[in-house]
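Notebook open, model loaded. I'll jot down what I look up as I go.

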Amino acid sequence: MALGKDYATQECSIARALEIVGERWTLLVVRDALYGVRRYNDFLGHLGIPRAVLAARLQMLTEEGVLEKRRYQESPPRDEYVLTDRGIELWPVVRSLGRWGREHYDKTVLRVFRHTECGTDLGPYGECPACATVVPPADILMMPGPGLDPDPVDPVSRALLKPKRLLEPVVTDQV
């Protein structure tokens, strides 16, 4: 029997969420958007994703209200993809999944997340231990960790070697 493409028979909110974010590559697109990636070519180069797959994921995430497509240049017309509030709400999922993967499969610390207000590393659930508060993504400083490649090939990875707040646009050295 072939594997179905949806969870229509499941009465479960997790199954409904997987309809949107459960396809291969989708959470990595969301992760990159949280890191500040907004432009098609930046997603393409950083993820190494096939063009057709990226186009389909961006379209689906836009249709589902996770991303918003915004025009940033008229001639030639160019758009960027910005997380909506619905998309930003996926931060705890992305953070937890990354933490789980590091704990169980690869101990390498690639990124460190800190509360911008006090400089404290975030706790396991995205909380600031010093301030006793859950920190919203816009108030999180992402720093390169000791396991990050210090000389990456793609422009987005090079840009992410510098400390930056989540959600702020990535500025690459691409022309």
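I started with helix 2 (residues 26–35) and helix 6 (residues 91–104): their axes come within 10 Å and cross at roughly 110 degrees. Axes here are lines fitted to C-alpha atoms, for helices over the stretch in contact, with angles from 0 to 180 degrees between N-to-C directions. Helix 2 and helix 6 are therefore roughly perpendicular (65 to 115 degrees). I listed who makes the contact (heavy atoms within 4.5 Å): Leu27, Val30, Arg31 and Leu34 from helix 2, with Trp91, Val94 and Leu97 from helix 6. By class I get 6 nonpolar residues, no polar ones and 1 charged (Ala, Val, Leu, Ile, Met, Phe, Trp, Tyr, Cys and Pro are nonpolar; Asp, Glu, Lys and Arg charged; the others, Gly among them, polar).

For the record, this is a predicted model: local features need pLDDT of at least 70, side-chain atom pairs pLDDT 80 or more, while totals for chains, interfaces and linings use all residues. Residues are numbered from 1 along each chain as its sequence is written, and side-chain values use heavy atoms, without hydrogens and water.

Next, Arg38, in the loop between helix 2 and helix 3 (40–47). Buried or exposed? Arg38 counts as buried because its relative accessibility is 18% (the cut-off is under 20%, with a 1.4 Å probe and protein chains only). Leaving out residues up to four places away in sequence, I find Arg38 touching Phe43, Glu80, Tyr81, Val82, Leu167 and Pro169.

Last, the sheet: 3 strands, open, order 3-6-7, antiparallel pairing (pairing takes at least two DSSP bridges; helices are DSSP runs of H or I with at least four residues, strands of E with at least two, numbered from the N terminus). Strand 3 (111–115) and strand 7 (164–165) are the edges, each pairing on one side only. Strand 6 (residues 140–144) pairs with strand 7 over 2 bridges, and I noted Lys164 in strand 7 as the bridge partner of Met142.

How values were computed:
Angles under 35 degrees count as roughly parallel, over 145 as roughly antiparallel, 65 to 115 as roughly perpendicular and the rest as oblique. Buried means under 20% relative accessible area, exposed over 50%, partly exposed in between (1.4 Å probe, protein chains only).
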